[in-house]
Amino acid sequence: MSQRDRGNGNGHVNGNGRLNGNGHAPLGGPGSEAANSAYAEGVIEARLGRPALDILEATVVLEAWTGAPARSAMSTAPDLVSSDFRPRDANPSLEASEDREQQSVVAEGITLVLSILSVAAWAIPLSRDYGPHVLAHAIRFALPIAVALQWGLRSRYLGRRHALAIFGRDGIAFCALAMLAVELPLALIHKSGPIAATFVAIWVGGAIVSRRGWGLVYATTLVIATIALDRHAPANLVLGSLTAFTLIVCMVGVLTRRQSTDERAGSIPRALLATLLGGCTGALLVADPTLGWGVRGLHPAVSLIPSVIGSFWGGYYLWNLYDVIPRGLSGMPLASGSSAAFRGPGMSIFLGAMLRLVGTTVVLSAVVSLIGHWTHGADAPSLFVAFGSVALLSLLIGLLESLALRRAALVAAAAAVAAEVAWHELAWRSGIHWHVSGAALIVGASVGMLLALPPLIVRLARSGSVLATTLWIQ
Amino acid sequence: MSTPSEAVIPLVRDRVDSTPETASVEPIAPTAPISASAHPTPAAIPRSRRSRVLMITEGTYPYAVGGVSSWCDAVIGGLDHLDWDILPIIAGGKRLRQNFVLPAHARLLRSIELWSEDAPPRRAPRPRRRGSGSKLPSQLLRGLLPWEGSLTELTAALVRCRERPQAVRREFRDSDSWQEFLLALVEVLAVSSDQSAPAPVYDTIEAARLYQTLYWVARTAAVPTPPCSLLHVTAAGWAAIPALAHKAIHGTPFLLSEHGVYVREAYLASVNNASVSLGQRHISTRLALGLTRATYAAADMIAPVTEANAEWERGLGVTPDRIRVIPNGIQPPTHWTKAPGIKKVIAMGRIDPLKDVQTMLLVADEVLQRMPEARFEYWGPATSGQEQYARACERMHEQLGLGERFRFMGRTADPHGVIRNADLVLMTSISEAMPMALLEAMAQARPAVATSVGGVPSVLSGCGLIAAPGDVHGLASAVVTVLDDPNLAERLGRRGFERLHRRYTLARCVTGYRDLIGELVNGAA
């Protein structure tokens with residue numbers, strides 16, 4: 001350390017260790033104004049890799065990387081902005097969005113298929129123990145409630161990145177509310193109520209367990225329960241044990257995922273709307289008495305499987321919307337930002353999802369029909385059409401909801417249920433006996449689809465507009 | 001749904017993560033010892049005669065811990081002859097813990113959450129005014145995006161949002177609004193200015209991002225604000241939006257406190273983020289500039305914490321008579337302690353590109369070559385979102401082979417203790433306004449070596465050494481100079497301690513605000 005490096009406590013040290021008595025950093029090295037300006041230009045080019053785009057950018061760079069006082073930097077800055085430099089850059093690559101929604105769809109899909117399979121396989125043994133009508137009643141209560149709760153849970157918790165951690169925060173309150181508002185009133189219903197309550201707990205708990213990534217555990221449990229029922233184990237004991245086990249696994253799943261997160265749960269009004277929409281979808285499934293849940297053995301539960309798998313694949317594909325539309329618009333000039341294109345990214349994803357749903361449902365329905373003797377009569381083509389229509393409507397309503405077209409979603413869902421009920425009433429009062437299973441369901445779902453499609457097509461045909469006004473403004 | 005434009009105008013970047021901005025990780029007790037005058041206690045003034053101040057914070061008080069939050073707490077606690085309403089603006093989708101207990105004369109209003117899923121405010125519709133006929137997005141665009149936006153259009157748009165909040169979402173979700181916005185955007189981008197290069201070419205994604213940000217500007221303006229005698233805004237960004245609408249409607253006096261210059265920070269953030277497109281950079285800086293200009297135009301008084309900020313304010317057109325520098329202050333200890341003499345250098349602050357930790361590592365490397373017995377400690381966590389930078393610093397630390405001689409220590413709950421056990425405080429930031437770490441060093445009578453940015457030269461005048469930012473050799477020489485000469489170190493430290501007592505005490509800061517707020521409120525009355 002040489003003497004010249006020593007300061008007097010009131011100064012500025014420059015690059016070679018000398019102190020400047022005035023306490024201000026010079027903009028450039030010693031020399032003329034032109035040299036200062038060249039130095040400043042060099043600093044800016046080195047820092048930005050281009051000229052400054054405006055005087056404030058130049059000022060900030062000079063302040064931060066030369067230590068120039070604001071006034072000095074501001075007075076130098078105007079000379080450093082090139083008015084004929086037209087900045088261009090390659091279109092930035094857009095990162096793929098988080099996979100949380102897709103994970104949630106997968107989990108939900110697996111749970112739903114397993115739930116349906118369990119209903120299908122339990123129909124005969126449970127009908128034997130409780131009687132077919134009691135079982136049918138129980139399913140009619142349980143299915144809409146379970147689907148409603150699953151939609152609501154997904155909207156508020158399970159569709160989020162830290163789903164179970166967030167759910168864990170509200171878990172006790174949610175369980176208490178579910179017990180008081182759903183399970184207890186349900187259990188009080190004569191005969192079928194307690195069975196419905198166990199179904200709801202098993203199916204909704206299954207959704208949480210699957211979201212935890214323990215779908216295999218859940219599936220194994222259902223298989224064991226099915227074998228036990230098949231071997232004439234008492235239905236009450238099996239359902240009770242299964243409910244208890246599902247809830248315990250659910251609790252363990254939540255407790256072991258209690259990591260700290262500052263992510264918030266989804267909004268309550270939105271979750272309530274999702275619950276309502278899920279309830280309508282579930283109600284559609286049970287409002288048509290021609291379906292006879294539980295009365296006719298495996299029929300019609302098995303008939304649901306093709307459409308559920310189709311719906312799952314279609315829904316999974318549809319979530320690409322959030323990635324594909326921004327990618328499709330990257331680099332698109334402003335002049336095309338509001339033009340309509342039926343082959344644009346929005347419509348292509350939408351149509352792709354619909355095709356996947358319909359195609360899968362048709363192919364799998366044909367397979368199920370071919371093995372109809374094994375599935376105890378689940379071979380009525382109208383049933384496959386009915387469930388396929390519900391799946392399609394469910395996809396459309398889900399999309400409307402996720403685009404925050406809430407009124408349209410609600411209108412479509414409510415109109416579908418109303419049309420289904422009205423059709424059945426009309427047929428019954430007019431004395432026309434329809435021997436087509438699921439006719440009312442087809443009518444209801446078709447009405448819902450007719451109402452849901454126009455707002456979606458109008459929006460999705462204009463990819464730029466849908467991104468700006470709908471996807472990014474909820 | 002989360003969308004990618006949350007970073008278009010940063011919500012007071014780096015403060016929303018509840019991490020300390022500087023060494024002050026503990027809130028300052030709200031009971032600031034004010035000796036300036038015998039002001040009546042809260043109970044002495046009838047509630048009906050007490051003035052009510054609406055303080056609007058942005059990503060800070062009372063949720064985050066840091067310099068701005070501590071300052072808010074001290075000012076509110078010290079000015080108990082006023083009633084305070086606190087309206088925080090925070091990033092949505094996150095749960096925040098309240099880190100400060102509000103005193104009895106302060107009331108916390110419901111936060112405005114940006115990018116949240118919550119529905120916008122609703123109110124009974126008022127009769128539509130005859131206006132320009134433009135839709136909200138285009139009107140806000142013309143007010144905010146041009147180099148010199150139309151303040152008239154902006155004010156009219158913000159007032160529209162406040163008066164008809166239920167129309168905000170509907171207008172923004174209307175495809176006609178989007179079409180009109182695109183046309184207006186093309187026009188605005190074509191306007192040239194001699195102070196800026198031509199605007200970059202936007203694509204539809206960038207336009208959609210801008211559109212979404214303007215929606216949040218509109219939603220922020222739509223939130224109702226309670227009646228008050230004074231609007232006190234703590235940053236010229238998002239926090240100013242509700243105040244701009246309020247002032248335009250009620251004419252309430254408007255005070256802006258600037259800890260950092262908002263537009264300057266937005267520019268620095270964009271310069272430091274090489275991954276954003278030129279379009280995004282243009283959007284973020286222009287919106288920050290638009291908000292800053294509007295805030296400067298509306299504010300009756302601006303109180304920067306340092307003269308360096310005042311330079312920016314004057315540069316952006318604020319007349320000197322509307323600027324009053326009120327430096328930050330801390331509660332100083334009554335006596336100072338001797339340095340341990342172990343050649344320990346500490347730094348306090350977040351691990352963030354603005355702190356230029358990499359330069360600090362290079363400085364440490366050079367110092368250690370010249371003085372192997374020296375030791376360095378860096379206290380503070382990585383800023384949320386800057387984890388990659390923190391990892392790069394760790395890699396650099398490894399490459400330089402600094403080992404245990406330079407340690408990253410993480411958070412501390414006792415910044416004063418940390419400084420007391422050191423011989424020197426080092427700061428290599430490329431941007432600072434009035435760093436609390438330096439005030440804390442002065443409070444403990446420790447010398448500081450720092451970069452000549454923002455208000456640092458004026459704070460350290462006579463009690464530390466400064467060098468240009470990024471000047472590794474200059475900074476290292478200064479560190480060696482001080483460590484090598486205990487007498488010089490003690491002299492600098494003592495001068496700092498005395499200077500702090502003279503100029504940077506909390507009482508002085510609170511008194512400055514008491515006088516200023518009194519003038520504004522009484523002037524309006």
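Reply: In this predicted model, strand β1 (residues 52-58) of chain B pairs with strand β2 (residues 83-91) of chain B in the parallel sense, over 7 bridges. One residue pair can be named: B:V53 has B:W84 as its bridge partner in β2(B). Strand β1(B) is also mostly covered, since 6 of its 7 residues are buried. As a general point, side chains in a regular strand alternate between the two faces of the sheet.

The largest nonpolar core holds 316 residues, and the members that touch the most other members are A:V200, A:L400, B:A218, B:V425, B:L438 and B:V479. The helix that gives the most to this core is α5 (residues 132-158) of chain A, with 16 residues.

Chain A may now be considered on its own. Chain A contains 17 helices and 2 strands, and 54% of its 474 residues count as buried. Among contacts in chain A between residues at least 6 apart in sequence, 79% join residues at least 24 apart.

Two helices of chain A illustrate packing. The axes of helix α8 (residues 215-230) and helix α9 (residues 235-255) of chain A come within 10 Å and cross at roughly 170°. Because angles over 145 degrees count as roughly antiparallel, α8(A) is roughly antiparallel to α9(A). From α8(A), the contact is made by A:V217, A:T221, A:A225, A:A228 and A:L229, while α9(A) provides A:A235, A:V238, A:L242, A:F245, A:T246 and A:V249. By class, this contact has 9 nonpolar, 2 polar and no charged residues.

Finally, the two chains meet. Their contact takes 71 residues from chain A and 73 residues from chain B. Several elements of chain A each supply at least two residues to the side that touches chain B, among them β1 (12-13), α1 (33-48), α10 (268-286) and α17 (463-471). The largest share of that side of chain A, 9 residues, comes from α2(A). The residues on the side of chain A that touches chain B divide into 29 nonpolar, 27 polar and 15 charged.

Definitions and conventions: Residues are numbered from 1 along each chain as its sequence is written. Chains are lettered from A and ligands numbered from 1 in the order in which they are written. This is a predicted model: local features need pLDDT of at least 70, side-chain atom pairs count only at pLDDT 80 or more; totals for chains, interfaces and linings use all residues. Axes are lines fitted to C-alpha atoms, for helices over the stretch in contact, and angles run from 0 to 180 degrees between N-to-C directions. Helices (H or I, at least four residues) and strands (E, at least two) are DSSP runs, numbered from the N terminus. Angles under 35 degrees count as roughly parallel, over 145 as roughly antiparallel, 65 to 115 as roughly perpendicular and the rest as oblique. Two residues are in contact if their C-beta atoms, placed from the backbone, lie within 7 Å. Ala, Val, Leu, Ile, Met, Phe, Trp, Tyr, Cys and Pro count as nonpolar, Asp, Glu, Lys and Arg as charged, and the others, Gly among them, as polar. A residue is buried if 20 or more other C-beta atoms lie within 10 Å of its own, exposed if 12 or fewer, and partly exposed in between; C-beta atoms are placed from the backbone. A nonpolar core is a set of buried Ala, Val, Leu, Ile, Met, Phe, Trp, Tyr and Cys residues joined through C-beta atoms within 7 Å. Two strands pair if DSSP finds at least two bridges between them.
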